[in-house]
Amino acid sequence: MVKIAPSLLSSDFGRLFEETRRCERAGAAYIHFDVMDGAFVPNLTFGAGVIAACRPASQLVFDVHLMMNRPDRYLDDFLKAGSDIVTVHVESPCDINVTLARIRAAGRKPGITLRPGTSLETLEPHFRSVDLVLVMSVEPGFGGQSFIPGALERIRSIAARRAELGLAFEIEVDGGIDDRTGPMCVDVGADVLVSGNHLFRQASLDDAVQNLKTLCHGDR
Ligand code: DX5
Ligand code: ZN
């Protein structure tokens, strides 16, 4: 069964606690938090304090995507805030191995991700250290962008590599996911779909999440 991870980036920032609850009620599996530092990406969102404030709203997995130059400097704060999955960019200029190991040592799940233009080979040293590989299907920084079709081939080859290595990390895809692109990603091996703009612009979040799930598994 596909897991849906609504990205709060497209939700009402004035009501993030309620929005977290609303995602849980709608049948989401994860809540996706997009942390941007205004340097690694040209946008600035929120830090660990906001995640901690949302923590009591839901028991769901808090899936934290760190788009930061120095995730290592703030890692302890994100762990204390109650992040369950912490995903770092392979391009971040810090020691990625040490950072992933710190997430693991804290009893949380480490994830690795990469920009759409970064070679998949950069993931190779990290496959055995992570519980999640996030394929970016847009350039990180903003919600509401169009899905980059090349992500499909990347998902397919990561899924093949996972099988070759006998590993079990989840494959998540992030950017431009809607009722058309979501099922395409699941068909080639994605386990988790992040979706922001598509879900939150609809009148009913419940219907939006349910439809996306059904389309990924029903007859097409
Ligand atoms: C982009 C973020 C995504 C984004 C997805 O930098 O990582 O999580 O919010 O939003 P949509 O679904 O609107 O493309
Ligand atoms: Zn994200």
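How much space lies in the largest pocket? The legends below take up this point and several other sites. The model is predicted, so local features need pLDDT of at least 70 and side-chain atom pairs count only at pLDDT 80 or more, while totals for chains, interfaces and linings use all residues. Residues are numbered from 1 along each chain as its sequence is written, chains are lettered from A and ligands numbered from 1 in the order in which they are written, and side-chain values use heavy atoms, with hydrogens and water left out.

**Figure 1. The largest pocket and its lining.** The largest pocket holds about 330 Å³ of space. Of its 30 lining residues, Gly-143, Gly-144, Gln-145, Gly-175 and Gly-176 are the closest to the centre. A pocket is an open set of points on a 1 Å grid over the protein atoms alone, where a 1.4 Å probe fits, with protein on both sides within 12 Å along at least five of seven lines; lining residues have an atom within 4 Å of a point. Grid points are joined across faces, edges and corners, and the volume is the space filled by probe spheres set on the points. At least two lining residues come from each of β2 (30-36), β3 (61-67), β8 (192-195) and α7 (197-200); helices (H or I, at least four residues) and strands (E, at least two) are DSSP runs, numbered from the N terminus. The lining divides into 10 nonpolar, 15 polar and 5 charged residues, where Ala, Val, Leu, Ile, Met, Phe, Trp, Tyr, Cys and Pro count as nonpolar, Asp, Glu, Lys and Arg as charged, and the others, Gly among them, as polar.

Figure 2. Thr-87 counts as buried because its relative accessibility is 1%. Not counting residues up to four places away in sequence, Thr-87 touches Asp-63, Val-64, His-65, Leu-66, Gly-111, Ile-112, Thr-113, Leu-132 and Leu-134; contact means heavy atoms within 4.5 Å.

**Figure 3. Asn-69 in the loop between β3 and α3 (71-80)**. With a relative accessible area of 27%, Asn-69 is partly exposed. Leaving aside neighbours within four places in sequence, Asn-69 is in contact with Asp-37, Ala-39, Phe-40, Ser-92 and Pro-93.

**Figure 4. Ile-148 in the loop between β6 (132-136) and α5 (150-165)**. Ile-148 is partly exposed, at a relative accessible area of 35%. Residues up to four places away in sequence aside, Ile-148 touches Pro-116, Ser-137, Val-138 and Glu-139.

**Figure 5. Gly-107 in the loop between α4 (96-105) and β5 (109-114)**. Gly-107 counts as exposed, at 63% relative accessibility. The C-alpha atoms of Gly-107 and Asp-84 are separated by 8.6 Å, the two being 23 residues apart along the chain.

How values were computed. Buried means under 20% relative accessible area, exposed over 50%, partly exposed in between (1.4 Å probe, protein chains only).
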